[in-house]
Amino acid sequence: MKILVTGAVGFIGSHTCERLHDLGHEVLGLDNFNDYYSLALKTLNEKALLDKGILVIKADLRHEDFAETLPKDIDYIFHFAAQPGISASSTFEDYFTNNIIATKNLTDFALQCQNLQLFVNIGTSSIYGLEATFPETEAPKPASYYGVTKLSAEQLVLQKSREKQFKSCSLRLYSVIGPRERPEKMYTKLIACAFNGDAFPLYDGSASHLRSFTYVGDIVDGIVSVIGNETKVDGEIINLGTEVEHTTQEGIEAVEQVIGQSIKIDQVKARVGDQLRTKANIDKARTLLDYNPKTTLLEGVKAQVEWYKANFL
């Protein structure tokens, strides 16, 4: 099948491109290469895709002319492209245009794809709000611009299923870790601090925050498993993550254990909208997709440390 992946040179998007390619699909990547974080990392991810023969097109979904660069014989769309996370440097307009306008433009393009079997929106546990421990039937209570705009994007996609215009689903991901994690995210930053001797900025109160730290390989298992299950997942929201919870402090200790040295801590002011607890309720994913994440936190950290050492030391 011919599969379009947006946000293709990002963390999870690049891993998904590779997995789809390895499964024998024709993969077309799209990314706008914005400078929210290091372009060097995005270029590194792009090289990994190009080495596999995966074409990556530079285009911006916020601009309607992006569709001129794409073929219309697309069978599947995996939509990762977004303004991610909670960041003081990101404005509401950044979240609005990248998460809502871009998604609306992509759904308009999808309507032109006569072969389209499924549009897969990549959502987030942030849609639930400050605590994300719920089944998919729970009413969303997002507490950040990121969560609010990702909820809107999700509904723009699922609207098309309700209108019977194309099949779609949304996968809400939980605290993904592993190789290629963005530089401002917890584990990449911890690892960098450990090797460089810098202090890790720990938000006040966050040491006790609970997270479903889920290895990227396990997340990708769930993402690609929707292929062949188009009717089962049509119109559905599905949580993907691990049910195992760890505190931020346990995450710090895992990195220290793998690297073999302690990390200096710098307490900083808490972030507004930061989640207090995430624990993936994956009963639905198990039922529909036979989803079963297996990678432990320590195994995931080891893989991420090895990736960091290979590329940045």
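Visitor: Which residue of β12 does C169 stand opposite?
Guide: First, the ground rules: this is a predicted model, local features need pLDDT of at least 70, side-chain atom pairs count only at pLDDT 80 or more, and totals for chains, interfaces and linings use all residues. Residues are numbered from 1 along each chain as its sequence is written, and side-chain values use heavy atoms, with hydrogens and water left out. Strands here are DSSP runs of E with at least two residues, and helices are runs of H or I with at least four, numbered from the N terminus. In β12, C169 stands opposite E236.

Visitor: How many bridges pair β7 with β12?
Guide: Two strands pair if DSSP finds at least two bridges between them. Strands β7 and β12 run in the parallel sense. The number of bridges between β7 and β12 is 5.

Visitor: Over how many bridges does β5 pair with β7?
Guide: Strand β5 covers residues 118-124. The pairing of β5 with β7 is parallel, and its bridges number 6.

Visitor: How many residues of β7 are buried?
Guide: Buried means under 20% relative accessible area, exposed means over 50%, and partly exposed lies in between (1.4 Å probe, protein chains only). S168, S170 and R172 point one way from β7 and are buried. C169, L171 and L173 point the other way and are buried too. Strand β7, residues 168-173, is largely enclosed by the rest of the structure, because its buried residues number 6 of the 6.

Visitor: Is N239 buried or exposed?
Guide: N239 lies in strand β12, which covers residues 236-240. Its relative accessibility is 0%. Because that value is under 20%, N239 counts as buried.

Visitor: Which residue's backbone oxygen does the side chain of N239 reach?
Guide: Contact means heavy atoms within 4.5 Å. Leaving aside neighbours within four places in sequence, N239 is in contact with several residues, including Y128, F134, R172 and Y174. At 3.0 Å, the side chain of N239 reaches the backbone oxygen of N281.

Visitor: Which residue's side chain makes a polar contact with the side chain of H79?
Guide: A polar contact is a pair of N or O atoms within 3.5 Å; within protein, one must be able to donate a hydrogen and the other to accept it, and residues adjacent in sequence count only if both atoms are side-chain atoms. H79 is in strand β4, residues 76-79. Not counting residues up to four places away, H79 touches L61, T103, L106 and N121, among others. The polar contact of H79 spans 2.8 Å, and its partner is T6.

Visitor: What is the relative accessible area of H79?
Guide: I77 and H79 point one way from β4, Y76 and F78 the other, and all are buried. H79 counts as buried because its relative accessible area is 1%.

Visitor: In β5, which residue is the bridge partner of I77?
Guide: On one side, β4 runs parallel to β1 (residues 2-6), joined by 4 bridges. There, V5 has F78 as its bridge partner. Strands β4 and β5 also pair in the parallel sense, over 4 bridges. In β5, the bridge partner of I77 is F119.

Visitor: How far apart in space are the C-alpha atoms of Q159 and G235?
Guide: Q159 lies in helix α4, residues 145-162. Q159 is partly exposed, at 29% relative accessible area. In sequence, Q159 and G235 are 76 residues apart. In space, their C-alpha separation is 8.3 Å.

Visitor: Is F33 buried or exposed?
Guide: F33 sits in the loop between β2 (26-31) and α2 (39-51). Its phi is positive, near 50 degrees, in a residue other than glycine. Because its relative accessibility is 14%, F33 counts as buried.

Visitor: Is K164 buried or exposed?
Guide: K164 is found in the loop between α4 and β7. K164 is not a glycine, yet has a positive phi of about 60 degrees. Because its relative accessibility is 71%, K164 counts as exposed.
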